[in-house]
Amino acid sequence: MNPEQILFFVFGLLALVGAISVISFRHPIYSALALIVTFFAQAGLFVLLGAHFVAAAQVIVYAGAIMVLFLFVIMLLNLGRRDREGAPTGAKLKGIGIVLGILFAAEGIYIAVNARNGTAVASAQPAPEAVTTYGIGELLFSKYLLPFEVTSLILLAALIGVIVLVKREKPTDN
Amino acid sequence: MPIDINWQLLMPELVIGLTLLLVLVFDMIDSLSKTVLGWLTIVGAGIALWVSVTMRLDSTYGITFGGMFAVDGFSVFFNIIFLVSTMLVSLISINYLRGDSADRRRERRQGPYYLLILLATLGMMLMAAGNELIVVFLGLELMSLSLYVLAGYFREHAVSSEAGMKYLLLGAFASAFFLYGIALLYGGTGTTSIPAIATVVASGSPSPLLLAGMFLLIVGFGFKVAIVPFHQWAPDVYDGAPTTIAAFISAGPKAAGFAAFLRIFTEALQHLQPEWGGVVILLAMLTMTVGNVLAIAQTNIKRMLAYSSVAHAGYVLIGVAAANREGISSAMLYLLVYCIMNIGAFAAVILAKTSAGERLTLSDYAGLGFRKPLLALFLTVMLLSLAGFPPTAGFVGKFYVFKSAVQAGHIWLVAIGAVNTAISAFYYLRVVVTMYMREPAGEVDVSPYPRTLVVGLVLAAIGVLLIGILPSLVFDAAQNSGL
């Protein structure tokens, strides 16, 4: 086993332990913290695949920004308390979770089995420059310029939407 | 690695973008009446419409932005549908938003309303012209995000907020399906470009991943255009959202969803037609039947129109199922007709409002035919068109859709469609009968007619009758615009 393989198993195991912890903890804050472990482990797997930019984005955006948002909302809504009072567990949600879990597992097994003969997924040729941050930046401003610009419009729409929905009205002046 | 961009092809989108910025700036001038913003939106959409028609006439087509953005007869025709819808909806919104003159707060909050309508329109245009799944998805998100907020625009009303919330949750769910479908399609083909996917799909037997992705895309689209069994959100959202926005959601976005659906399924996944054709036929049957049968049970007119719009998506699917040139162009024609008549019907519902509020239940319409004959007449025209009576546009739309299905050999589908048309005639005519044959329970009281609403309704009626009497006017255009 070369070091890369060892690292793969370490990160893979970490991701699995994190994911299982997310659904086993009773307290939402612990679940959220366990999710961070999973995100970091996934970032590690991305590094092993040579996708450094995606790994960095994973850490900064998911483990960073989104998790802060999660924790913020959990603390703001004081969700931790309900569990201690014995909140009912959603049987319906559990059913959906099991079905989705089986589906995802089937997909993963299918890909793993077919990966050996190379027919599982089409060989996407990632542009060699798409690996580095520099290359991704260049792609964003050339080939993917239109999607990149549209993203800014989506952010504008979100911004306007938030203002519409939460802005406090001044009392009417008449 | 510079790419060449043909700005000329982007003219309609640029005009809408510029209008957006102007509305944004003018909204900040406090002394300006907010009505100006509405007119600005209409003028902007009008110019974009004019540009699109010119592009259609001169055949200014091409692919730009490194193959991401395809301007062809198809996308230009859909641009025309979107822009007509946007203009009509803005027209009926100007008076509707002003509401009671006492409510100054709502008066002040008009700016973002038009901004979001313009952003949604831009999203729809990107969906129709997107030649790359990423662009289609971003257009879809731009449109959907704007619509979520618009549905919850009257946040002082609990029903409106609830509609926005419900739409957001189910819409996000649908987007996740759609995105996962794209991911699997990428896994199965190695590309997200629509023409490139078509090449890969044509070259070999499809991998299971590709098929799974395809069905996920159908689910995602099904939610967005409210196809049975993914339609549950539609009645609640239409009912709770501001009526003008219900008209908007039922028109342009539905057409945009079908535009992207047609481009992806009849171009990228053309060779998988044996796989998805049967599913689409099944969905068409379900959508028509469930939509129409549930519409019968409704006494609330907004909910009735919601279920009727579900049923109309089923008629469009008949054209999609045919999947030949005639099928696509008849679906496009149907969408144009449907947008105009549906906005017209909603405009008439808004116009019928009393000083006490909107007239929502069926019994509210009793006696309207005598007290307000003109309004009742226009509403009747819209309902007859929705039911598909000649000489209205609705008849023309249904005729060509059914004809294309017969040519494709889907006789049973047409039979079910015809039965459904008969079912739908029942509940549309029930409103007409109530207006003309039933005595009102109390005094029929109608607020004075706001001018722009009347103009919007009259324009929609002219459109419906013109297409109904001279169908070649638009059918030739649709026929030359297929993919």
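How many helices and strands are there in chain A? I counted seven helices and zero strands in chain A, taking both as DSSP runs numbered from the N terminus, with at least four residues (H or I) for a helix and at least two (E) for a strand.

**Ground rules.** I am working on a predicted model, in which local features need pLDDT of at least 70 and side-chain atom pairs count only at pLDDT 80 or more, while totals for chains, interfaces and linings use all residues. Residues are numbered from 1 along each chain as its sequence is written, chains are lettered from A and ligands numbered from 1 in written order, and side-chain values use heavy atoms, without hydrogens and water.

**Chain A.** I read the pattern along the sequence as α-α-α-α-α-α-α. I then looked up burial: of the 174 residues of chain A, 22% count as buried. Buried means under 20% relative accessible area, exposed over 50%, and partly exposed in between, with a 1.4 Å probe and protein chains only. The accessible surface of chain A is about 12,200 Å², and 73% of that belongs to carbon and sulfur atoms; the method is Shrake-Rupley with a 1.4 Å probe, and for residues only the protein chains shown count as cover. Among contacts in chain A with a separation of 6 or more, 51% join residues 24 or more positions apart. Contact here means heavy atoms within 4.5 Å.

**Helix H11 of chain B.** The buried residues include B:Ile245, B:Phe248 and B:Ile249.

I next checked H11(B) against H15(B): the axes come within 9 Å and cross at roughly 170°. That makes H11(B) roughly antiparallel to H15(B). Axes are lines fitted to C-alpha atoms, for helices over the stretch in contact, and angles run from 0 to 180 degrees between N-to-C directions. Under 35 degrees counts as roughly parallel, over 145 as roughly antiparallel, 65 to 115 as roughly perpendicular and the rest as oblique. On the H11(B) side I noted B:Thr243, B:Thr244, B:Ala246, B:Ala247 and B:Ser250, which meet B:Tyr338, B:Asn342, B:Ile343, B:Phe346 and B:Ile350 of H15(B).

**H14 and H15 of chain B.** I looked at H15(B) (residues 325-351) again, now with H14(B) (residues 301-322): the two pack at an angle of about 170°, with their axes 8 Å apart. H14(B) and H15(B) are therefore roughly antiparallel to each other. Among the residues making the contact are B:Leu305, B:His312 and B:Tyr315 of H14(B) and B:Tyr334, B:Tyr338 and B:Phe346 of H15(B).

**Aromatic pairs.** I searched the whole structure and got 29 aromatic pairs over all chains. Rings of Phe, Tyr and Trp (its six-membered ring) pair if their centres lie within 6.5 Å; planes under 30 degrees apart are stacked, over 60 edge-to-face and the rest tilted. The rings of A:Phe104 and B:Tyr180 have centres 5.5 Å apart and planes at 55°, so I logged the pair as tilted. This pair crosses between chains, from H5 (residues 91-115) of chain A to H7 (residues 158-189) of chain B. A:Phe104 is partly exposed at 45% relative accessibility, and B:Tyr180 is partly exposed at 26%.

**B:Thr434.** My last entry is B:Thr434 in helix H19 (residues 411-437) of chain B. At 3% relative accessibility, B:Thr434 counts as buried. Leaving out residues up to four places away in sequence, B:Thr434 touches B:Leu362, B:Tyr365, B:Ala366 and B:Gly367.
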